[in-house]
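Let's take a walk through this protein together, one stop at a time. Please have the sequence and the 3D view open as you read.

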Amino acid sequence: MTDSSRYRPEAIELRWQLQWEQLGLHVTPEPQDGAGEPYYALSMFPYPSGSLHMGHVRNYVITDVIARAARLRGRQVLHPMGWDAFGLPAENAAIERGVDPGDWTDRNIAQMRDQLKRLGLSIDWDREVATCHADYYRWTQWLFLQFLDAGLAYRKEATVNWDPIDQTVLANEQVDAEGRSWRSGAQVEKRRLRQWFLKITAYADALLDDLPSLEGWPERVRTMQANWIGRSLGAELTFTTESGAAITVFTTRPDTIHGATYVVLAPDHPLVAELTTDDCRLSVTAFCDLVSRQSEQERTAEDRPKRGVPIGAWARNPASGERIPVWIADYVLADYGTGAVMGVPAHDQRDFAFARQYELPVLRVVIPEGSDPHAYEGQAWTEGGVLIGSGSFDGLTTTEAKSAIVAWAEEQGWGQGRVQYRLRDWLISRQRYWGCPIPVIHCDSCGVVPVPDDQLPVELPRDIPLSGKGGTPLAKLASWVNVPCPSCGAPAKRETDTMDTFMCSSWYYLRYSDPHNDQRPFGRDAVDRWLPVDQYVGGIEHAILHLLYSRFFTKVLRDRGLLGFSEPFARLLTQGMVQGITYRNAQTGQYVAPAQVADPSDPRDPISGEVLEVFYEKMSKSKHNGVDPAVVIDRYGADTARMFILFKAPPEKDLEWDDADVEGQYRFLQRLWRLVDGAHGRGLRLPAPDAPHPAADAASLSDGERELRRAVHTAIAAISEDLEGELQLNTAVSELMKLSNALAAHLEAAGPAVATEALATLLILLAPFAPHLAEELWQKLCGHGEEQPISAGASVHAQRWPAVDPAALVRDTIPLVIQVKGKMRGSLEVPADADAATLEKLALESDVAQRWLEGQPPRRVIVVPGKLVNLVP
């Protein structure tokens, strides 16, 4: 151990990281009889951008504390890491740099792995996976074929973003707010292409109905998923046009059918071309062209005005027989529901605004119970009530009318009850290169033919020219595309689309359970032993898609007999963002780096001199407010970075970075170092792990020793609670600070038994949070020299979490707060079992009372036993 009395993290952290690796301290244990229960702690795996940011640090440190604490509690822990490595950023980087995206990605992985190791994370690197490596995506392809075999993978036409200059499909994120290609600047068009989908809607009910069982998930996330699935009970109703065409709509308000005064189709609904009259064709074509350049988000945004045009066709309201016009509008989507809606402006706010804008009739058919029929005219009444203007259904409540009108519609043959979902099937096709190839072959005779299992993986060809133009690069590689049909041997072609990267990330947590299995993606015994994940940690931005797709995968694979559980993640923690101090010029919108602000107390633009706005915002390069983790570790050490990130805010809340608070944690670790170094200098040593610890004789303890033991066991109880249920890692660090203060006050005077118990407990409780420092001080007190290797069992991380001694928490005396006129003026120690009269007597005799009452008796004394006495003069 170092002889210096000063804490120098650079002298110890790398040394212990290497020793832990040599000892295999973080290797996942094999199943053993009598061993601890398995525990699976997992962070959402990162995209390998090449640079670690503070958001990464927070995520992985939180999970590491959980994993380390579980080991100390005797659990067998799986704590792996991998890389979500396919996707557009690597392909774009390869195009810009003229390099192979695989080589670029592998270099980034190596760089980020080294950065993660500097944090002292207790990761089992032997289980590392990368989704872009063939030994992983072989099984992504195999799982796709499981979906295909189950009838859950299919092809259909769908709309894509098309760049007419580069002649390629664009992802939504490649289209700017004005609908232009990020690369060519061309106005993006909408085109229909045949693409692959997974039938997630077949599991909509299961995904929704199982949400209440996820008691370890934040309510916010469960609500977000429920809203995304969006189960609606309603009816499909058919409006027949004068030409005989049937327009089917879905509505959750069949009770308002008599108030439908128009019908709206999506601009790309197949009936639009058939029903548009010659006098409307020009305006309809122009409108459809305009809408084709809008994103779905733009078309459905709540704050945007809804636009539409009539197509010249007319239909009959099936309930009232009234003749009503047919329109198209931007807010109706062809692939959502039936692609058509009925307009009931009196009872839907969106329809009301649309009708007012285009002077369409507003017909009220529901009024609040007990109200005047003319009440609420001039606005949409969207709540329940009773029916009017609805023929034989007048007077029914909306609840009664819904079922009655659906029954009538079914009897008359123009409607039926139906459940509809907001959730749509998952489009997994991507017309890009850097992704997992879809393992099917297209044969003119046999149709779609799965690639046989023994021919997997269908490997992605490497070192091919990439330009980002002219469609998918794979389609241009004849030697890869042209293959014989596996069924008939005739010439055939490979599928040239690749998979959405969510396909790769929807099952990676299963592969960690059995990462070296070359016969299956995972063995049933292994996956059922480790899964579901006990604690999953990641950002709230993944609350819907990644988590929903992972739940879908798990349920499908359960039904295929590949695993024996229904949900992948038992507990979920969505950690908050890391925010940095941010400076922005409100006049120009430009962000200014903190280093360019000469005087933070009077922040001004370094060029114009204008006063800058100052606020905290999520760290990002574009805002110049990021903090490089490597810089913090170089200056303060990994343990300080860990302690700050854990202490500054509760895990689920946003964290505001503050250099002064980082310095404060560094000083705290310095104090711990001096505390233990001083005890070591006085000859205090910890017994060997297999030797009995000296027991303190409770009857002979001094007051200081009792106080120290009370502080020790209070900390054990509090930190143990903080690490269970609702994780409160910030208060756990606070408890460590309180415990260190108690040791500083009482350790020197304590006997060996109490002192060694206190020090051993402090270091074991510290170990999950500051693992390097805890190990260094533990070995110092155990008498191990700096160059002396240790056994795995001698590590502080191999010890057992201390148990609370209830007797140590019992107090003979308690602090009693003395208030005068409701304000705290002091305190004194009183017998724990003192009654109210005794407490009043002791309070009145105290120096506090004498000083503040100035010899005058109080008019009133309020006693709260065990807490306070309030003296009212």
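This is a predicted model: local features need pLDDT of at least 70, side-chain atom pairs count only at pLDDT 80 or more; totals for chains, interfaces and linings use all residues.

Residues are numbered from 1 along each chain as its sequence is written, and side-chain values use heavy atoms, leaving out hydrogens and water.

Arg-859 counts as exposed because its relative accessibility is 68%, where exposed means over 50% relative accessible area, buried under 20% and partly exposed in between (1.4 Å probe, protein chains only). On the surface, Arg-859 gathers with Lys-821, Lys-823 and Arg-860 in a patch of positive charge. Such a patch takes residues with over 30% relative accessible area and no salt bridge, like charges being joined within 9 Å; a salt bridge is a side-chain nitrogen of Lys or Arg within 4 Å of a carboxyl oxygen of Asp or Glu.

Now step back to the protein chain as a whole. Its secondary structure comes to 27 helices and 33 strands. Its C-alpha atoms fill a box of roughly 100 × 80 × 65 Å along the principal axes, and buried residues make up 51% of its 873 residues.

One of the helices is helix 4 (residues 101–117), the place of Lys-117. Lys-117 is partly exposed, at a relative accessible area of 30%. Leu-18 is 99 residues away from Lys-117 along the chain, and 9.8 Å separate their C-alpha atoms.

Next come the strands, which pair if DSSP finds at least two bridges between them. An open sheet of four strands has the order 6-5-7-17 with antiparallel pairing. Strand 6 (168–170) and strand 17 (426–427) are its edge strands, each pairing on one side only. Strand 17 runs antiparallel to strand 7 (residues 189–198), joined by two bridges, and Phe-197 stands opposite Leu-427 in strand 17.

Strand 11 (residues 308–316) is our last stop. Two bridges join strand 11 to strand 8 (residues 231–241), antiparallel, with Arg-316 as the bridge partner of Thr-240. Six bridges join strand 11 to strand 12 (residues 323–329), also antiparallel, and here Pro-310 has Trp-327 as its bridge partner. The hairpin of strand 11 and strand 12 has six residues between the strands, and in this hairpin Gly-321 takes a positive phi near 80°.

Definitions and conventions. Patches are made of residues with over 30% relative accessible area and no salt bridge: like charges are joined within 9 Å, nonpolar side chains (Val, Leu, Ile, Met, Phe, Trp, Tyr) within 5 Å. Accessible areas come from the Shrake-Rupley method with a 1.4 Å probe; for residues, only the protein chains shown count as cover. Lys and Arg count as positive and Asp and Glu as negative; His and the chain ends are not counted. The place of a charge is taken as NZ of Lys, CZ of Arg, CG of Asp or CD of Glu.
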